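Welcome! Here is a short briefing to read alongside the sequence and the 3D view.

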Amino acid sequence: MAADVRAGTRSAREVLDEYFDAITDREPEVHAFNVVLSEEAREAAAAVDAAVARGDDPGPLAGVPIALKDNMCTRGIPTTCSSRILDGWRPPYDATVVQRLRAAGAIVVGKTNLDEFAMGSSTENSAFGPTRNPHDLSRVPGGSSGGSAAAVAAGFAPLALGSDTGGSIRQPAALCGVVGVKPTYGVVSRYGLVAFASSLDQIGPFATTVEDAALLLEVIGGHDPLDSTSIARPAPDLLSGLGDGVSGLRVGIVDEMTEIEGIEPGVRDAVRAAGAGLEAAGAKVDTVSVPSATYGISAYYLIAPAEASSNLARYDGVRYGLRVDADDVAHMNAATRESGFGPEVKRRIMLGTYALSAGYYDAYYGQAQRVRTLILRDFERVYEQFDALLAATSPTVAFELGAKTADPLAMYLCDVCTVPANLSGHPAMSVPFGTGEAGLPVGVQVLAPTLGEPTMFRVAGAIEAAGGRTPR
Amino acid sequence: MADRITRADVEHVAQLARLALSETEIVSLTKELGAILDHAAQVSALDTHDVPPTAHPLPIANVFRADEVRPCLPRDEVLAAAPVAQEQRFRVPRILGEEP
């Protein structure tokens with residue numbers, strides 16, 4: 001698509017109109033977007049077409065529509081995090097990823113719905129109502145980047161960006177049948193990403209194919225001086241090695257992230273079949289144990305809320321967003337936060353504040369950080385024997401709306417297979433592979449060591465090929 | 001464990017977190033936080049007495065940059081986002097006991 005636009009054989013405007021037709025057609029029932037940026041997108045497309053007409057190269061994503069999760073700052077365009085507390089806020093700057101997308105010629109078509117402040121696994125915790133799964137409107141798209149996953153699955157945009165703190169890109173990608181990538185922590189700048197849990201958050205791509213996801217990651221990745229946790233390296237080179245195959249690669253199927261209680265047989269079978277597909281393609285596939293991965297969820301649901309309780313202290317009714325007035329500043333803060341935050345955000349702020357409070361810090365937060373070390377060490381040990389790992393992404397296919405909203409713990413357990421890679425900082429991605437329960441899409445997760453993206457994408461490409469999906 | 005979290009704990013933490021919780025929220029959070037912490041307490045089953053904590057996945061220390069004057073966000077635009085601004089400042093209700 002970008003090649004056609006760059007060559008001038010297809011205009012960015014034509015491409016955009018096609019996607020807007022899909023949005024007009026199905027967005028009312030899917031509700032992937034908090035805002036659709038029709039005018040801005042048409043102007044950007046016109047600029048790309050003008051550049052082509054002048055003989056300039058508009059970039060590797062020339063005229064490609066993209067949807068952005070609504071927790072990435074866009075200058076002058078509302079950025080809500082699907083929360084009432086940011087009501088009316090228009091950021092005074094663009095996130096680094098947004099700048100890089102624009103420089104590459106991509107066209108931002110809208111800001112997508114999410115669980116409020118990215119806290120959730122179903123996109124039902126949004127102040128603006130849930131997003132629905134395009135494959136079955138009675139089911140959730142997963143979360144928290146459910147709007148971005150649904151937008152790509154419904155054909156509203158060929159690409160999208162999400163953020164992944166505990167699985168928020170990979171789990172919705174699996175549930176919506178698209179590719180979703182959480183890069184190595186520090187590969188993509190977090191400048192302009194509204195912070196949830198700063199040591200875990202990472203921005204990454206959604207796409208319909210592994211190749212498209214690789215192209216998008218090449219565009220948004222690479223060092224950014226505005227993010228002090230950004231790795232001082234250029235973006236990974238992914239496309240050049242994508243066709244190299246997996247012959248000779250050692251791939252381990254992680255027991256603790258596949259053979260678990262509550263996993264659907266269809267999901268487990270898909271992981272095994274993906275392993276068999278890799279073996280047929282020349283990889284050496286074995287099972288492997290990562291014992292501490294079992295403790296991932298417990299550690300994660302202490303560390304992430306602790307960091308969130310600190311990050312979300314900034315919403316105090318002083319500098320931006322909502323204010324509920326009161327006689328003094330402390331009551332104004334408390335009234336604003338009570339009114340502006342939804343139930344799940346309050347729950348996590350409370351949990352995190354408790355885990356960090358005097359008398360409990362060491363038993364909860366301190367212990368969780370030590371368990372994080374154990375998880376990191378376990379994975380590093382396993383990566384001495386394996387080039388990549390295989391696991392389930394989500395233990396189940398997409399569930400019905402409302403199925404888990406009454407039980408926060410049940411919702412948290414959706415992330416059992418995805419949180420370990422956030423705690424370790426390693427890259428991981430979900431690739432669609434066949435269908436499971438009720439004919440719904442299943443995702444298989446590929447994991448790799450720090451900066452192992454090139455290998456991870458090769459393995460993902462081989463799984464995609466084994467799944468019989470024909471890219472575009 | 002039935003009483004990992006009491007109502008008094010919830011009220012105290014809400015105060016620390018600056019959340020004016022409703023009565024219904026206090027009741028439900030007392031129950032929910034207890035259940036979540038029971039699950040989270042699984043981490044205490046692991047022996048970690050000689051394991052250092054990991055706060056961050058990357059082995060980075062302080063990152064420095066050159067001390068150069070660079071343009072920052074325009075003050076008017078930033079203040080325009082505030083609920084109340086006055087004389088180039090954020091305006092808030094009274095902080096201590098003084099008259100406004």
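Strand E7 (residues 250–254), helix H8 (residues 265–280) and strand E8 (residues 284–288) of chain A make a right-handed β-α-β unit. Right-handed means that, with the strands pointing away from the viewer, the path from the first strand over the helix to the second runs clockwise. Helices (H or I, at least four residues) and strands (E, at least two) are DSSP runs, numbered from the N terminus. This is a predicted model, where local features need pLDDT of at least 70, side-chain atom pairs count only at pLDDT 80 or more, and totals for chains, interfaces and linings use all residues. Residues are numbered from 1 along each chain as its sequence is written, while chains are lettered from A and ligands numbered from 1 in the order in which they are written.

**Around strand E7**
- E7(A) is joined to E8(A) by 5 bridges, and the two run parallel; strands pair if DSSP finds at least two bridges between them.
- In this pairing, Arg250(A) stands opposite Lys284(A).
- Strand E9 (residues 388–392) of chain A also runs parallel to E7(A), with 3 bridges between them, and here Val251(A) stands opposite Ala388(A).
- Because 4 of its 5 residues are buried, E7(A) is largely enclosed by the rest of the structure (buried: 20 or more other C-beta atoms within 10 Å of a residue's own, with C-beta atoms placed from the backbone).

**Domains**
- Chain A is assigned domain 1 (2–220), domain 2 (244–294 + 367–466) and domain 3 (299–356); such bounds come from an automatic or database domain assignment.
- The C-alpha centres of domain 1 and domain 2 of chain A lie 24 Å apart.

Definitions and conventions. Buried ≥ 20, exposed ≤ 12 C-beta atoms within 10 Å, placed from the backbone.
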